[in-house]
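Here is a short report for a first look at a protein model. Keep the sequence and the 3D view open while you read.

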Amino acid sequence: MTRGPGTWRRYWVTFATIFGKEFRRFTRIWVQTVLPSVITTTLYFLIFGELIGGRIGPMGGLPYLDFIVPGLVLMAVITNAYSNVVSSFYSSKFSRYVEELLVSPAPNWVILAGYVAGGVARGLTVGATVMLVAMMFTRIEIHSPAVTLLVLCMTAVLFSLGGFINAIYANSFDDISIVPTFVLTPLTYLGGVFYSIDLLPGFWQAVSLANPVLYMVNGFRYGLHGVTDIPLGWAFGIILAFIIGLSWFSLSLLRRGVGIKS
Amino acid sequence: MPPALAVTALVKTYRGGLQALKGVDLRVDAGDFFALLGPNGAGKSTLIGIIASLVTKTSGQVRVFGHDLDQDPEAVKSCIGLVPQEFNFNLFLPAGEVVVNQAGYYGIPRREARVRAERYLRQLDLWERRDTEMRRLSGGMKRRLMIARALVHEPRLLILDEPTAGVDIEIRRSMWAFLKDLNAQGTTIILTTHYLEEAESLCRNIAIINDGEIAERTSIAALLGRLHTETFVLNLKGRVTELPSLGGFVLNHVDECTLEVEMNREHTINGLFDALSRNGIEVLSLRNKQNRLERLFLDMVDQNHADARGAS
């Protein structure tokens, strides 16, 4: 099939259909998708920020509550972008309605883009809501809106891709909770959400540098407060490298039909 | 015009070594209503899965209306509508949204998709159920919805894998009428079914697949022409305790009021009734003992199994 303007219009309609379906899905069940993160982060702000934070003192040159805001917002973005794609795509595999897409002329990259866009939309929706909650506890002046938004979007893309790969390999609903529990949560908690890596001994500082979440949290912290443990260029470079690598891997899985074709 | 489907030397070996297709060659002409029959595990669903891009082939070639599946998969997929054997819906979506979304996957803008969805949902008596969640539809409604979903992009080749499995007679008959009409309008249809009566009354040509190979590919008429004998069941007005001898007809007792008559193609039903009347036997009703195609199909499969045992 030759690719003319009609083809690109067709791709756009397909992308918009997948994205629209995903967007309607998570907004329809907002009590399950948006609300839990808002409640959890509100508790974090209340306990770690208000109650304990006052006794901890400044961190990285910022009041402790201000210091944890970027990490908590990013944690909500990461969790929601990931879980949106992993649960939605795995459900489509489990109930076999992924076949609706597989029999259609939708190219693999459009299918991937549609699901990732759905994950990004949920990640940003929840991230924005958590940010509004944070504003009830502290005054936030965004140092660099462009960096803030870029880091948020790139992080959401990266973890949506992670969720997609998890869904491809998952054989049961248990499999889609293993990675968030045993990989995502430790990486996030050890990614400098609650502390500056300057507090760590030299060896653990070096180990922390292998954690991709550290770069995202610090990139976002720079965007909000102009403070970071990591050079900004490094943060963007690492996130971009992960996005390219995971995109390539996801497309390769789709091309080979891993987990979705016999 | 290129054939609707041309399959050449198609092989599928699953991981674990099971060879589901052993070099299948098959051609279905444009405009045909084609039956694909075979016992369970013969390779029908694998063949359909490969054509519809749900199963990856090991080797061989698939061309749909001249488009090669390897070279131009998007063109091939655009030509095909698939009605699978198993339900494959998001059960929590309304019926109408399932059809509109499917149109979107084929690049049909939402406004046009809604128009088409309405057309096919009305034709299949589902329009009143458009806002009902899939899980709340009956089995027959889900089957019809799968047809509407497969047609919404107006494919030139419609493949139906057991489309009437589990639906009642009335709905089955209405689906047959719908499919006949669709075929008359130019859509090529490939049908797999276990209801051989369905294949006999709908299809013009047939392929029988057995053990991963095409055992037969001919017209339904030619296949039925091979039947040498037919068996009828007669319900009698009175009791018959001793079977009379009727030249050319083989009679068997089912019970005292029911007889089975086996007759070859040289004899006529009139001849049978004449012979029965001469012996004072009155008949209340008559029916075929077995679907004719079913009998041929079973003979063919039995013969293949016998050949396979002989070869080993």
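## A buried glycine in chain A

Gly114(A) counts as buried because it has 22 C-beta neighbours inside 10 Å. The cut-offs are these: a residue is buried if 20 or more other C-beta atoms lie within 10 Å of its own, exposed if 12 or fewer, and partly exposed in between, with C-beta atoms placed from the backbone. Gly114(A) sits in helix 6 (residues 108-137) of chain A. Helices (H or I, at least four residues) and strands (E, at least two) are DSSP runs, numbered from the N terminus.

Which residues does Gly114(A) touch, not counting residues up to four places away in sequence? They are Phe15(A), Ile18(A), Phe19(A) and Glu22(A). Two residues are in contact if their C-beta atoms, placed from the backbone, lie within 7 Å. Gly114(A) and Phe19(A) are 95 residues apart along the chain, yet their C-alpha atoms are separated by 4.9 Å.

## How to read the model

This is a predicted model: local features need pLDDT of at least 70, side-chain atom pairs count only at pLDDT 80 or more, and totals for chains, interfaces and linings use all residues. Residues are numbered from 1 along each chain as its sequence is written, while chains are lettered from A and ligands numbered from 1 in the order in which they are written.

## Helix 8 of chain A

Helix 8 of chain A covers residues 175-189. Its 15 residues should span 21 Å at 1.5 Å a residue, and its end C-alpha atoms are 21 Å apart, so the two values agree. The expected span is 1.5 Å times one less than the number of residues.

Where is the kink in helix 8 of chain A? It lies at Val183(A), shortly before the proline Pro186(A), and is about 30 degrees. The bend at a residue is the angle between axes fitted to the seven residues ending there and the seven starting there. The buried residues of this helix are Ile176(A), Leu184(A) and Thr188(A). They pack against helix 4 (64-94), helix 7 (145-169) and helix 10 (212-225) of chain A.

## Chain B as a whole

Chain B has 10 helices and 14 strands. Its C-alpha atoms fill a box of roughly 75 × 50 × 40 Å, taken along the principal axes. Of its 312 residues, 39% are buried. Take the contacts in chain B between residues at least 6 apart in sequence: 67% of them join residues at least 24 apart.

## Two packed helices in chain B

Helix 3 (residues 95-105) and helix 5 (residues 139-151) of chain B pack at an angle of about 25 degrees, with their axes 8 Å apart. That makes helix 3 of chain B roughly parallel to helix 5 of chain B. Angles under 35 degrees count as roughly parallel, over 145 as roughly antiparallel, 65 to 115 as roughly perpendicular and the rest as oblique. Axes are lines fitted to C-alpha atoms, for helices over the stretch in contact, and angles run from 0 to 180 degrees between N-to-C directions.

Val98(B) is found in helix 3 of chain B. It counts as buried, with 24 C-beta neighbours inside 10 Å. Leaving aside neighbours within four places in sequence, its contacts include Phe89(B), Met134(B) and Leu145(B).

Most residues other than glycine have a negative phi. Ser53(B) is not a glycine, but its phi is positive, about 70 degrees. Ser53(B) is buried, with 22 other C-beta atoms within 10 Å. Asp125(B), also not a glycine, has a positive phi of about 60 degrees. Asp125(B) counts as partly exposed, with 14 C-beta neighbours inside 10 Å.
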